[in-house]
Amino acid sequence: MNIGVRKTACLVNITRRAFHLSSSRYSDNQIKKTRLHSLHEGNGGKMVEFGGYSMPVLYKDLSITDSHLTTREKCSIFDVSHMLQTVVRGKDRIEFIESLTVADVQGLQENQGSLTLFTNDTGGIIDDLIVTKTSNDYLYVVSNAGCRDKDLQLMHTQLDAFKRRGKDVTLEHLDDTFSLIALQGPTAQKVLQKLVKYNVSEQYFMFSRLADVCGTQCRITRCGYTGEDGFEISIPNDKVVEVVETLLASTESKVSLAGLGARDSLRLEAGLCLYGNDIDENTTPVEAALTWTIGKARRQRADFKGASIILKQLKESPPTKKRVGLRAISGGAPARSKVKVIHHESKQEIGTVTSGCPSPSLKQNIAMAYVSTEASKIGTKVICEIRGKHHEYEVTKMPFIPSKYFMPPKK
């Protein structure tokens, strides 16, 4: 087996662990298919169950490493239709979503979105999601596939409570009407520009708008999960195949399909969390280095769930653990989820890896881990114990490679 094949096999195995693909809680007849399922199979997609959906992990003509590098160098299309898209309407919609998240939604500009968190009463993270304050009198919310059931329960329980108080809020879930794709990579703008009539260069990171694509109205948001420039496009189900095939046929740049495997390695290089691995209901935003998601106004009002615990960690009693990046100093097997992290000098166990893989861009092993706060300083040497062997790593800043989000010029 050559090095390229070994690396691909290794990435597939890591991805199966990261996305919990090895065993499903769904029976075959319960697994849903996105509207792009036949297109995936027709392009040699290796399909696996994730979040209750049949999703491609890679394609026959591209290894995970190939897909990863294509996304970094050109652009790729990811089917993310398994994500939960929700529209929140009513005059009390902002109060409603702020009652569940840490975001200052009121303070957003029109058509601006924000990464935010559902939190619980103990400060733990129920899910991470993006909330967009549209200019069309509704909020557009995208949350994780793997948290679909609990997110639905959370939102509808709160909806019932709001309605009992006479509040004006309605929820509409778009599962049966809209698909979602992510066009990611440095040539994404050039490819998309040929299909829309507005000036895409005037749309900045985390801003969203409605636009005509292939004769149908879509919501286009400049964001993604790769660290690259790109767009998430919400498309009516009956048009999604046509839009994807048109993008794949672009003469502006090579456009490829990419699956869960590349999505995982790309987001890890970008220092982005995977829910259930790097954040969960027992992890606070402070521990997860996600305090930037808590709006200034929300900190002042201290009116979000778990605020007393989260703000105490921010102001008075720092947490005992912190999410950090790890970069391998020595070679060998990558540190995967649940690998022990040991202090290089004291030889004491100081934490646990939550995600890890060989970085196709850096050509070395990288990982995320939670370590004791005193060992979280950049440059701290640690040991990852992998299958009984010690491998040297050091704490490093994240993202592992610079993000390339399309930001407005600095004034």
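Q: Where is Asn 111 found, and what makes its phi stand out?
A: In this predicted model, Asn 111 lies in the loop between helix H4 (93-98) and strand S6 (112-119). Its phi is near 70 degrees, a positive value in a residue other than glycine.

Q: Why is the meeting of Glu 228 and Arg 72 called a salt bridge?
A: Side chains of opposite charge can pair when their charged atoms come close. The cut-off to apply is 4 Å, from a side-chain nitrogen of Lys or Arg to a carboxyl oxygen of Asp or Glu. For Glu 228 and Arg 72 the N to O distance is 3.2 Å, which is within 4 Å, so the pair qualifies. The structure holds 19 salt bridges.

Q: What makes Glu 228 and Arg 72 a link between distant parts of the chain?
A: They are 156 residues apart. Glu 228 sits in the loop between strand S12 (216-221) and strand S13 (230-236), while Arg 72 belongs to helix H3.

Q: How do you know which residues belong to domain 1 and which to domain 2?
A: The domain assignment gives 32-82 + 177-269 as domain 1 and 320-398 as domain 2. Taken over C-alpha atoms, their centres are 32 Å apart.

Q: What makes up the contact between the two domains?
A: With heavy atoms within 4.5 Å as the test, eight residues of domain 1 and nine residues of domain 2 take part. Together the domains bury about 690 Å², and 68% of that is on carbon and sulfur atoms. On the domain 1 side, Arg 267, Leu 268 and Glu 269 supply 66% of the area buried against domain 2, more than any other three residues.

Q: How many salt bridges and how many residue pairs in polar contact does the rule find across this interface?
A: There are zero salt bridges across it. The rule does find four residue pairs in polar contact, both residues being at pLDDT 80 or more. Helix H3 (64-73) and helix H8 (260-269) are the elements that give two or more residues to the domain 1 side. That side divides into two nonpolar, three polar and three charged residues.

Q: What makes the bond between Met 398 and Pro 399 a cis peptide bond?
A: Its omega is about 0 degrees. Pro 399 lies in the segment after strand S20 (389-396).

Q: Which residues does the annotation "domain: GCVT N-terminal" cover?
A: The unreviewed UniProt entry places this annotation on residues 36-296. Over those residues the chain is 25% helix and 31% strand, with the end C-alpha atoms 40 Å apart.

How values were computed
Residues are numbered from 1 along each chain as its sequence is written. Side-chain values use heavy atoms; hydrogens and water are left out. Domain bounds come from an automatic or database domain assignment. Buried area is the accessible area (1.4 Å probe) that two parts lose on being put together, summed over both. A polar contact is a pair of N or O atoms within 3.5 Å; within protein, one must be able to donate a hydrogen and the other to accept it, and residues adjacent in sequence count only if both atoms are side-chain atoms. Helices (H or I, at least four residues) and strands (E, at least two) are DSSP runs, numbered from the N terminus. Ala, Val, Leu, Ile, Met, Phe, Trp, Tyr, Cys and Pro count as nonpolar, Asp, Glu, Lys and Arg as charged, and the others, Gly among them, as polar. UniProt positions are given in the numbering used here, feature names are shortened, and annotations may be inferred rather than shown by experiment.
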